[in-house]
Structures are given as C-alpha cells and as structure tokens.
Amino acid sequence: MKPEHFSERKVDVDGWQVNLTTYQLGDKWHTKADNVSPGAALVRIVADTREAAESLALARAKKLLSRTQRRL
Amino acid sequence: MSTYAHPEVLVDTGWVTAHTKDANVRVVEVDVDTKAYDEGHVPGAIAWAWNTQLCDTVVRDILPRSQFEALMTQSGINNGTTVVLYGDNNNWFAAWAFWQLKIYGHKDVRIMDGGRKKWLAEGRDLDTTPTKPAPSATPYQASEPDYSLRAYLPQVQQAQKAASAVLIDVRSPQEFSGEILAPPGLPETCQRGGHIPGARSVPWGKACNDDGTFKPLDELQKIYGAEGVSQSKPVIAYCRIGERSSHTWFVLKYLMGVNNVVNYDGSWTEWGNLVGAPVEKGAAKSVGQG
C-alpha cells in the first residue's frame, strides 16, 4: 500500500506549537502529533476520517501538554 | 556544492527502494518504540525499539556487547551486512543506533536521508506486516567497544571546568534556558533546568531541511562554525537522553568530518540531577558574549 494525502500543519495548543502529520493508508487515516521543538511524537492516532484522526490527536496532545510547566 | 566528509553513510529513499530485497542489505526502522513501524514500514524492514532493544534495561547504558551481538544475529545481520537505518523524528533514534553500531565496530551502516517522514511524503510503499528475519547463520561478533565516540560524566565535568571542549546543547531553546525541564508533553526527568555552563545552543533540527533531509555541507559549516565548532577543539554534544545528540554527533562527525566529537548520552538527565553540578540558566548568547 502507498500512503496518500500526506500533509503537515502547525497548530497552537494552549501556547505550545504542535505539528500534525496526517496521511491515508488504505481506508484508514493516520495522524501523529509532535511537539515541533524538539519534534518528539506525542500521540499517534488511527481513525476512519482525517477529521477524526486529527481532532483526537489534538485532544490527547492537549492533555499531555497541560502537564508541562513553564518555570521562568 | 561541496560533498559531505563521508557521503557513503547516507542513502536516499530511491536507493532504499531499489535495494530492499538485496540479500546483503538489512533495513531497520528505529524509534523509541515500534508504534510507527506497526502502522506501516519500508517493505522488508525490521524494527528496533530504543527503549527495550537498544538500551540495557537494568543499568542505564547502551547494550552490553553480548546483547548487542544477540540483537544483530537475531536481526539477520552478520559482520558484512549493509545496515540501513531510518526512523521518525528525522532519524533521531536511527542516529542513536548508528552511534551504537559504530561503538561496536560495524563497518557498513548507513542512514536513509529524510527518514520515515520523507518516505511517507513521497508516497512510497508501506508494508503493514512485520518482517520476521531469519537469524544470521554466522553469529555476529562485535568489536571491543570504541568509547572514544562517547563522553562520560567525568570527561564532561573536566571539559566544562577547563573550557577545553566546545559543548553543544542540541535541545530546544526552552530546555536550554531552563523554562521547561523536558520537551513539551513529555515526562520531566531532571531536578533542575538550564544548561551546562559555557554550552552553546544549537538545536538538532537546525541540521535538517523541511523534508527531513540533512542540510548541505556549506550550510552545516556556517551553523556549527558560528558556535565555535572546528577541528581545533574537541566537541561534546548533549541533549536530554542522548538520542538528539547522537543525531548532531552524526552530522558533525560524518557529514562535516569533525574528528574529535563525542556524544554525551548521560546528557541533561544525568547533569540536571547531579548534586552540586554547576547550572546556567537563560537564553543562548552569541559567541563572544561568554
């Protein structure tokens, strides 16, 4: 199978930059949310639609990012 | 455009497509775990998980030699195999694996330029069935570990005190300054934030183009040269746990040809937990500002 409709976009989540990478493989959509800087993957989601994959990824990323404290 | 110091350690996605079925080539996707691999991987590639297969899971260390040999043998890799590594996050953990393979003396190891990201963006074939390699018929024999590629804490402490090496902190500017203790969203693994006094801030990603490939040599020379990297002084790269810094170590040693560069894999998780270790806070200063 070949991945199709590959896309990347940056989204602001509560002041943190999140990079959403999405592609379709077969009849499923895969989304990874990473934290841009440094680029570590936060969540990976597989769903039936692009919208579902990206919204779930963002929701989970938001939860993880809420644990990070700014200290300066 | 000038070429890299060791262009033979890089292959492009087209080369990998053409060689995935070669008997003497083993393609390995390396990541912190195998979640990305399980979604789909380069056909014929096997997976290595950094957290369980490339580290000693009891002592904080690289794999002991016997376990490294077992991993290679079970992966169908013999001493003459061409090992091609790739992964997510622009090859962070692939670079870690590269570093470890070089510590144990594997001759022919290469990185797929652009990693998983470029493979996906180009719409190349993905296989969703895990590859189960036949173990190598000849047991793998690692060399004695070459620890000249690695910095341990006492070496870094001495270098910091004497200002005898260029310390390159490859974490994000926010980690460098002490604003955050770990990459956003990830567990905090240190007690103190900031950086090793005197370290220069060169986030690892500065070495990469948007498509995940490495920048050309002249650009790399400008980026790292501006922070004091040259052949005249040893270089120590560090990050939080040593994987981002192995990426920079690869860039400096194999793409730029810096002779004396080591990866401090103890990194901030070690330094930022030490009682009494000197810590500097605040944003990066330009060279000359101290």
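The legends below describe close-up views of a predicted model.

Local features require pLDDT of at least 70 and side-chain atom pairs pLDDT 80 or more, while totals for chains, interfaces and linings use all residues. Residues are numbered from 1 along each chain as its sequence is written, chains are lettered from A in the order in which they are written, and side-chain values use heavy atoms, without hydrogens and water.

**View 1. The interface of chain A and chain B.** Here 26 residues of chain A are in contact with 33 residues of chain B (contact: heavy atoms within 4.5 Å). The two chains bury about 2,600 Å² between them, 54% of it on carbon and sulfur atoms; buried area is the accessible area (1.4 Å probe) that two parts lose on being put together, summed over both.

**View 2. A salt bridge between the chains.** Seven salt bridges are found across the interface of chain A and chain B (a side-chain nitrogen of Lys or Arg within 4 Å of a carboxyl oxygen of Asp or Glu). One of them joins A:Arg71 to B:Glu188, with the closest N and O atoms 2.7 Å apart.

**View 3. The two domains of chain B.** Domain 1 (7-146) and domain 2 (150-289) come from the domain assignment of chain B, which is automatic or taken from a database. Their centres, taken over C-alpha atoms, are separated by 25 Å. The contact takes 21 residues from domain 1 and 24 residues from domain 2.

**View 4. The area buried between the domains of chain B.** About 2,000 Å² is buried between domain 1 and domain 2, and carbon and sulfur atoms give 66% of this area. B:Arg60, B:Trp92 and B:Trp99 supply 33% of the area that domain 1 buries against domain 2, more than any other three residues.
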